[in-house]
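Keep the sequence and the structure in view as you read.

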Amino acid sequence: NPQITKSYAAGDIAYTTKLVCRGAKFSYLLFLFIALPCMLEVDFFLSKWLAEVPPYAGVFVQLALLNTLVEILLNSSETLNRASGKIRNFQIIVSAAQLLILIASYIVLNISNNPIWAVAMTNIIYLLIFIPRITVNKPFIGITFGYFFKHVLKGILIVTVISAMACLLFQFYTEQGWGRLVVTCIVSTISIVITSYLFALTKGEREKIGYFLEKRLQLKK
């Protein structure tokens, strides 16, 4: 975040653009290491943590984690918006969305009487305003949704889908328990690391990681 502010203030738009995309991508992937196994094993976690698990608690946790993953993607963009000083449009979008969540949740609860839908409205509305929250910075550094999709979303979506499918495939053949939890965490971690390296990182980022690991190995020797 400090680098985004500094580079934008210095007028280095190309580097600012890279930082915004890298910040979104790496923040998402790091949180995915925690979020994915937690979402898949939420019922087991809650059963060990609480004597009596409240109804809908598992779904609420999963929805909250999904919403956090979406919000993490926008943190770097929000930092850029604050650095630009042109925060009016951004704040209008966010404030309008929060008001819409309150109204939509009230309507949904009156129609369906299902609390899951009320909580899900937060996720749905934040997804609907995802593109405007990205493109609001277009006048400052020229990031379009197409650019953001190509350099951030495309890779992390592939990572998320493949890693989730690998974990779900394993869980399908095993029963809930500590053993499944441990192996799910291992499968999740390995799949995220491999798919991130193959699909989410650029050639330059892979070279930097390879150089860093090589130096670490040399130091140990």
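**Exercise 1.** How many residues in the lining of the largest cavity are nonpolar, how many are polar and how many are charged?

*Solution.* Bear in mind from the start that this is a predicted model. Begin by finding the cavity: the count comes to one cavity of 30 Å³ or more, and the volume of the largest cavity is about 30 Å³. Next, locate its lining, which is made up of V20, S77, L80, I134, N137, I143 and F148. Finally, sort these residues by class, which gives five nonpolar, two polar and no charged residues.

**Exercise 2.** Find the residues that touch the most other members of the largest nonpolar core, and work out which element gives the most to this core.

*Solution.* Start with the core itself, which has 33 residues, and in which Y28, L73, F130 and F148 touch the most other members. Then turn to the elements that give two or more residues to this core, namely α1 (2-9), α2 (13-40), α4 (57-84), α7 (130-135), α9 (145-172) and α10 (178-200). Among these, α2 gives the most, with 11 residues. To follow one member in detail, take F148, which touches C21, A24, L73, F130, I134, I143 and L153 when residues up to four places away in sequence are not counted. A second, separate core has 12 residues, including I101, A104, M121 and I129.

**Exercise 3.** Describe the largest pocket by its volume, its lining and the classes of its lining residues.

*Solution.* The space in the largest pocket comes to about 410 Å³. Of the 18 residues that line this pocket, Y28, L66, V70, L127 and L157 are the closest to its centre. At least two lining residues come from each of α2, α4, α6 (115-128), α7 and α9, and α4 supplies the largest share, with six residues. Sorted by class, the lining has 15 nonpolar, three polar and no charged residues.

**Exercise 4.** Which elements give two or more residues to the lining of the second largest pocket?

*Solution.* First note that the second largest pocket has a volume of about 280 Å³. Then list its lining residues, which are F26, L29, L30, F33, I192, V193, S196, Y197, L201, I209 and L213. Placing these residues on the elements shows that α2, α10 and α11 (203-220) each give two or more of them.

Note on methods
Residues numbered from 1 in each chain as written. Predicted model: local features only at pLDDT ≥ 70, side-chain atom pairs only at ≥ 80, totals over all residues. Heavy atoms only, no water. Core = buried A, V, L, I, M, F, W, Y, C linked by side-chain atoms within 4.5 Å. Buried < 20%, exposed > 50% of the residue type's maximum accessible area, 1.4 Å probe, protein only. Helix = DSSP H or I, 4+ residues; strand = E, 2+ residues; numbered from the N terminus. Contact = heavy atoms within 4.5 Å. 1 Å grid on protein atoms, 1.4 Å probe; cavity = no way out; pocket = protein on both sides within 12 Å on 5 of 7 lines; lining within 4 Å. Points joined across faces, edges and corners; volume = space filled by probe spheres on them. Nonpolar A, V, L, I, M, F, W, Y, C, P; charged D, E, K, R; others polar.
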